[in-house]
Structures are given as structure tokens and as C-alpha cells.
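Subject: Structure handover

Hello,

Here is the structure for you to look over. My notes on what was found in it follow below.

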Amino acid sequence: MSSDDADTLEGLRERIRRLQDKYETLDAEVEELVYTTSHDLRSPIVTVMGFASILLEDLEDELEDEYVHYLNRIVENAQKMDRILGGILLVSRAARHLEPESRTALAPALDAVFDEVRQRYSSRTVNLERGAGLPEFLW
């Protein structure tokens with residue numbers, strides 16, 4: 001290998017190291033942004049949900065049905081948003097504790113999602129099936 005080739009190779013290695021460092025820094029910043037944003041959004045959602053619940057509890061008999069319906073929708077959608085943000089926070093926390101390139105089997109994760117869907121829609125007939133031999137993935 002010539003001296004020029006060795007210099008070029010070393011230059012490429014250094015560039016890869018810098019790019020990897022930059023990627024790791026950006027990845028950490030994104031994780032922090034997701035965590036902070038989710039946490040900061042959750043507080044006002046819980047507050048709205050709480051106030052709407054109080055209004056329903058205290059004034060339901062005095063309000064027209066239309067307004068009771070609106071307050072129920074506010075509570076239901078705030079609960080949904082709270083669950084979504086809670087999930088984002090959970091994923092963010094889990095991502096901070098994962099080993100690099102951990103192997104994860106897709107089947108158990110999919111089974112957990114199916115179980116949640118079945119519970120959420122227990123009053124309906126829900127038929128969910130998954131194929132055998134689902135792959136593992138690295139992340």
C-alpha cells in the first residue's frame with residue numbers, strides 16, 4: 001500500500017469516527033427532546049382532563065346533553081392523548097437503557113399489541129392472527 005493510499009484510508013477512518021460521534025450526539029439530543037416534549041405535553045393534557053372531569057361530576061345534571069357529550073369527548077380524548085404520551089415516555093426511557101444492537105424478537109411484541117387491542121375492544125369480536133417464524137431485529 002502506498003503512502004497516499006494509507007493517508008486516504010486513515011482520512012476515511014477519521015471521517016467515519018467524526019460522523020459516528022456526530023450521530024451519537026444527535027441521537028442523544030433527539031432522545032432528550034422526545035422525553036422532554038412528551039413530559040411537558042402530558043401535564044396540560046392531564047390538567048384539561050381533570051377540569052373536564054370535575055365539571056362533569058359537579059354539573060352533569062344541570063348541563064344540556066350536548067354539553068355533557070362535549071365534556072365526555074374532552075375527557076376521552078385527553079385520556080387517549082395521555083396514554084399516547086405515556087407510551088412515548090415509556091419508549092424513550094426504554095431506549096435509554098438498551099444495549100447497542102440488541103436483538104428483539106418481533107413475535108412477543110406483536111402478541112402484546114394483540115392483547116391490548118383485544119382488551120380495548122373486548123365488547124367486539126376481534127380476530128387477530130400472526131404468521132409463524134417472525135424475524136428478530138437489531139436496534
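Two residues are in contact here when they have heavy atoms within 4.5 Å of each other. The model is predicted, so please read everything below as computed from a predicted model.

Setting aside neighbours within four places in sequence, Ala78 is in contact with Ile45 and Met49. Ala78 sits in helix H2. Its relative accessibility is 7%, so Ala78 counts as buried, because buried means under 20% relative accessible area. Val46 is 32 residues away from Ala78 in sequence, with a C-alpha to C-alpha distance of 7.0 Å.

Overall layout

The protein chain has three helices and two strands. Their order along the sequence is α-α-β-α-β. Of its 139 residues, 12% count as buried. The accessible surface of the chain is about 11,300 Å², and 55% of that belongs to carbon and sulfur atoms. If you take the contacts between residues at least 6 apart in sequence, 70% of them join residues at least 24 apart.

Salt bridges

The structure holds four salt bridges. How accessible are the two partners? Asp82 is buried, because its relative accessible area is 16%. Arg42, at 29% relative accessibility, counts as partly exposed.

Asp115 pairs with Arg118, and the closest N and O atoms are 3.5 Å apart. These two residues are three apart in helix H3 (residues 106-120), so about one helical turn separates Asp115 from Arg118. Asp115 has a relative accessible area of 42% and is therefore partly exposed. Arg118 is also partly exposed, at 34% relative accessibility.

Glu116 forms a salt bridge with Arg120, where the closest N and O atoms are 3.0 Å apart. Here the spacing is four residues in helix H3, so Glu116 and Arg120 are again separated by about one helical turn. Glu116 is partly exposed, with a relative accessible area of 44%, and Arg120 counts as partly exposed at 45%.

Surface patches

Which residues make up the nonpolar patch on the surface? They are Val30, Val34, Met81, Ile84 and Ile88, and together they have about 370 Å² of accessible area. H1 and H2 are the elements that give two or more residues to this patch. H2 gives the most, with three residues. Met81 lies in helix H2 and is partly exposed, because its relative accessible area is 36%.

Asp58 is located in helix H1 (residues 3-59). At 52% relative accessibility, Asp58 counts as exposed, because exposed means over 50%.

Gly133 is in the loop between H3 and strand S2 (136-138). Is Gly133 buried or exposed? With 74% relative accessibility, Gly133 counts as exposed. Leu106 is 27 residues from Gly133 in sequence, and their C-alpha atoms are 9.4 Å apart in space.

Points to look up in the viewer

- Ala78 in helix H2, with its contacts to Ile45 and Met49.
- The salt bridges Asp115 to Arg118 and Glu116 to Arg120.
- The nonpolar patch, including Val30 and Met81.
- Gly133 in the loop between H3 and strand S2.

Regards

Methods
Residues are numbered from 1 along each chain as its sequence is written. This is a predicted model: local features need pLDDT of at least 70, side-chain atom pairs count only at pLDDT 80 or more; totals for chains, interfaces and linings use all residues. Side-chain values use heavy atoms; hydrogens and water are left out. Buried means under 20% relative accessible area, exposed over 50%, partly exposed in between (1.4 Å probe, protein chains only). Accessible areas come from the Shrake-Rupley method with a 1.4 Å probe; for residues, only the protein chains shown count as cover. A salt bridge is a side-chain nitrogen of Lys or Arg within 4 Å of a carboxyl oxygen of Asp or Glu. Patches are made of residues with over 30% relative accessible area and no salt bridge: like charges are joined within 9 Å, nonpolar side chains (Val, Leu, Ile, Met, Phe, Trp, Tyr) within 5 Å.
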